[in-house]
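Subject: Structure for your review

Dear colleague,

Here is the structure I promised to pass on to you, with the sequence alongside.

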Amino acid sequence: MSTASAPSFARNHPKALATVVTLVGYVVVIGTLYGDFGLYPEISESTVDLLAHAIAVVNAATIACLVAGIYWIRADEIQKHRAAMLAAFGLILVFLVLYLLKTGGGGRKEILAGEPLRGAYLAMLGIHIFLSVVAVPFVLYAITLGLTRTPTELKSTAHATVGRIAVTTWLVSLVLGIVAYLMLTFYYGPEQVEFVRGMA
């Protein structure tokens, strides 16, 4: 596909583009979680912790951008809304890079004890992961529409409806992810958390 035809394809086939990119993203993440392809440099547990902190900061900044984007679209500040949503999308790409490096090169931490909060933590983590998976195609579709159409043209598309679904699932997922991070980092002691290197 030529450079000139790429924007045309995105404009004419936003659903197809969102679907393809979504599937590629799922394959990359699942491959990182459950495959051992040797693509990532091995990192220490302390670096995993550092990346987890960085991810939390990125996710908090993403929440701020999404909330600002909601405020600005309700105030009919289209350009500010667009800038906030593009910033949120850029931040989620930063998150993805950090997450893949942390998970693929380091590992994960598992809670071994601590009921009943362990159950609450796992429930929040499960909802967070589920909503993250659900949000991806909606986010990509909304972004594609937003980047390939003028504000006037967007009024005749599903951008507003899809955008509401995308932002809702994305925001709830991010908030639950940060709460789960805070519980894992500050509530559970080392004796309740096991570091697992590698995902295979």
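**What I found**

I129 is found in helix α5. Please keep in mind throughout that this is a predicted model, and that everything below was computed from it. I129 counts as partly exposed because its relative accessibility is 46%, which lies between the limits of 20% for buried and 50% for exposed. Although I129 and L176 are 47 residues apart along the chain, their C-alpha atoms are separated by 9.3 Å.

As for the protein as a whole, it has 200 residues, of which 36% count as buried, and its secondary structure comes to 7 helices and 2 strands. Along the sequence these elements follow the pattern α-α-α-α-β-α-α-α-β. Among the contacts with a separation of 6 or more, 83% are made by residues 24 or more positions apart.

Helix α5 itself runs through residues 117-148, and because each of its 32 residues is taken at 1.5 Å, the helix should span 46 Å, which agrees with the 45 Å found between its end C-alpha atoms. Even so, α5 bends by about 35° at A135, and a proline, P137, follows within four residues. Helix α4, with 28 residues, reaches 40 Å from its first C-alpha to its last, close to the 40 Å expected at 1.5 Å a residue. The buried residues of α4 include H81, A84, M85, A88, F89 and I92.

Which residues have the most contacts inside the largest nonpolar core? They are L66, F89, V139, W170 and L174, in a core that has 23 residues. Helices α3 (45-74), α4 (78-105), α5 and α7 (159-187) each supply at least two residues of this core. V139 is in contact with F89, A166 and W170, once its neighbours within four places in sequence are left aside. There is also a second, separate core of 7 residues, and I111, M124, L176 and M183 are among them.

D76, in the loop between α3 and α4, has a positive phi of about 65° although it is not a glycine. D76 is exposed, because its relative accessible area is 58% and the limit for exposed is over 50%. E153, by contrast, has its place in helix α6 and is partly exposed, with a relative accessible area of 30%. Not counting residues up to four places away in sequence, E153 touches R11 and T148.

With best wishes

Terms used:
Residues are numbered from 1 along each chain as its sequence is written. This is a predicted model: local features need pLDDT of at least 70, side-chain atom pairs count only at pLDDT 80 or more; totals for chains, interfaces and linings use all residues. Side-chain values use heavy atoms; hydrogens and water are left out. The expected span of a helix is 1.5 Å times one less than its number of residues. The bend at a residue is the angle between axes fitted to the seven residues ending there and the seven starting there. A nonpolar core is a set of buried Ala, Val, Leu, Ile, Met, Phe, Trp, Tyr and Cys residues joined through side-chain atoms within 4.5 Å. Buried means under 20% relative accessible area, exposed over 50%, partly exposed in between (1.4 Å probe, protein chains only). Contact means heavy atoms within 4.5 Å.
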